[in-house]
Amino acid sequence: MAERKAIPAATRLHLFSDAAGFCQKPDCLEALFPAEMGGDKHIAEMAHVIPHGDAGPRHGDRPADDFDPDAFENLILLCPTCHTKIDKDPEAYPRNVLLDWKANHLARLAHKQGIRAYDDREHARAAVAGIMAENRAIWEKFAPEEGSDFEYDPESATAPAWDERMRSVILPNHYRTLAIIEANLGLATEEERRTFAEYQEHVRGLSERHICGVSGRAIRFPASMKEMFA
């Protein structure tokens, strides 16, 4: 049997970012970085909607045209329990159902987390301010002394604690903040929309480094985020 290639880092990053740290089965939505595991270990499993072989779950739904089983479009991020369920009972979980889960994951997650569109900037500001304050407090406590200018050193004693806080608190907070701002972009000015775009890139870079192990492409946290909806 030919050795299967690893899922590319860019695809894994896209999946983790798309799932925002939670199982993509709508009636589950469990955290993939459980707090009881310290937040620095994940239980996420990349499930193939259509399998590589001709005998796996949902193989009969394989498209007739060119098809890459390892492409982002054919993968979904699940907890181990949900991964087992969908592969043990493929008739109950066909391709169209799994793709619907994935397409509507963020909206369902936002609903579960109480994220919504507000009528005014004051309430939108309040929704993001507390989250950003927590991230700021953790950054001041655990990030290396020189803050955003530091050179990341995995051998440093500060690196494990920083990684743990990043995965268990900071990144989930960033994902939540992104969802809140996106739900309230109608209240944002043009300048705030540009700030939001920079913030998205900042979070994307953090995810690359701390989830996929790809360093060096993160941009700094945009200082103008402090004024979002102010």
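The questions below concern a predicted model.

Q: How do you know how much confidence the predictor has in this chain?
A: The model is predicted, and pLDDT is the predictor's confidence in each residue, from 0 to 100. The chain averages 85. A score of at least 70 is reached by 89% of the residues.

Q: What makes residues 146–150 a stretch to set apart?
A: Their pLDDT stays under 50. For this stretch the model has 6 contacts beyond four places in sequence.

Q: What makes up the chain in terms of helices and strands?
A: The chain has 7 helices and 2 strands. Read from the N terminus, the order is α-β-β-α-α-α-α-α-α. Of the 230 residues, 41% count as buried.

Q: What share of the contacts joins residues 24 or more positions apart?
A: The share is 68%, taken over contacts in the chain with a separation of 6 or more. A contact here means heavy atoms within 4.5 Å.

Q: Why is Arg-4 called exposed?
A: The cut-off for exposed is over 50% relative accessible area. Arg-4 has 53%, so Arg-4 is exposed. Arg-4 lies in the segment before α1.

Q: Which residues does Arg-4 contact, leaving aside neighbours within four places in sequence?
A: Arg-4 is in contact with His-48 and His-52. As for Asp-70, this residue is 66 residues from Arg-4 along the chain. The C-alpha atoms of Arg-4 and Asp-70 are separated by 9.8 Å.

Q: Why is Ala-20 called buried?
A: Buried means under 20% relative accessible area. Ala-20 has 8%, so Ala-20 counts as buried. Ala-20 sits in the loop between α1 and β1.

Q: What makes the phi of Ala-20 worth a note?
A: Most residues other than glycine have a negative phi. Ala-20 is not a glycine, yet its phi is positive, at about 55 degrees.

Q: What is the phi of Phe-229, and is Phe-229 buried or exposed?
A: Phe-229 is not a glycine either, and its phi is positive, at about 65 degrees. Its relative accessible area is 2%. The cut-off for buried is under 20%, so Phe-229 is buried. Phe-229 lies in the segment after α7.

Q: How do you know whether His-105 is buried or exposed?
A: His-105 has 1% relative accessibility. Against the cut-off of under 20%, His-105 therefore counts as buried. His-105 is found in helix α4. Leaving aside neighbours within four places in sequence, its contacts are Asp-18, Ala-19, Phe-22, Cys-23, Gln-24 and Leu-29.

Q: How do you know that the buried residues of α2 are on the same side?
A: The buried residues of α2, which spans residues 80–88, are Cys-82, His-83 and Ile-86. They cover an arc of only 105 degrees around the axis, so they lie on the same side of α2. An α-helix has 3.6 residues a turn, so residues three or four places apart point the same way. Thr-81 and Lys-88 are exposed on the other side of α2.

Q: What do the buried residues of α2 pack against?
A: They pack against β1 (45–48), β2 (75–78) and α3 (95–103).

Q: What makes the buried residues of α3 a set on the same side?
A: Leu-98, Trp-101 and Lys-102 are the buried residues of α3. Their arc around the axis is only 95 degrees, which puts them on the same side of α3. Asn-96 and Ala-103 are exposed on the other side of α3. The buried residues of α3 pack against α1, β2, α2 and α4.

Q: What lines the second largest pocket?
A: The lining has 22 residues. Nearest the centre lie Ser-17, Leu-106, Tyr-175, Leu-178 and Glu-182. Two or more residues each come from α1 (9–19), α4 (105–112), α6 (158–183) and α7 (190–210). α6 gives the most, with 7 residues. The volume of the second largest pocket is about 500 Å³.

Q: How do the residues of that lining divide by type?
A: The lining of the second largest pocket holds 13 nonpolar, 5 polar and 4 charged residues.

Definitions and conventions. Residues numbered from 1 in each chain as written. Predicted model: local features only at pLDDT ≥ 70, side-chain atom pairs only at ≥ 80, totals over all residues. Heavy atoms only, no water. 1 Å grid on protein atoms, 1.4 Å probe; cavity = no way out; pocket = protein on both sides within 12 Å on 5 of 7 lines; lining within 4 Å. Points joined across faces, edges and corners; volume = space filled by probe spheres on them. Helix = DSSP H or I, 4+ residues; strand = E, 2+ residues; numbered from the N terminus. Nonpolar A, V, L, I, M, F, W, Y, C, P; charged D, E, K, R; others polar. Buried < 20%, exposed > 50% of the residue type's maximum accessible area, 1.4 Å probe, protein only. Arc of directions from axis to C-beta.
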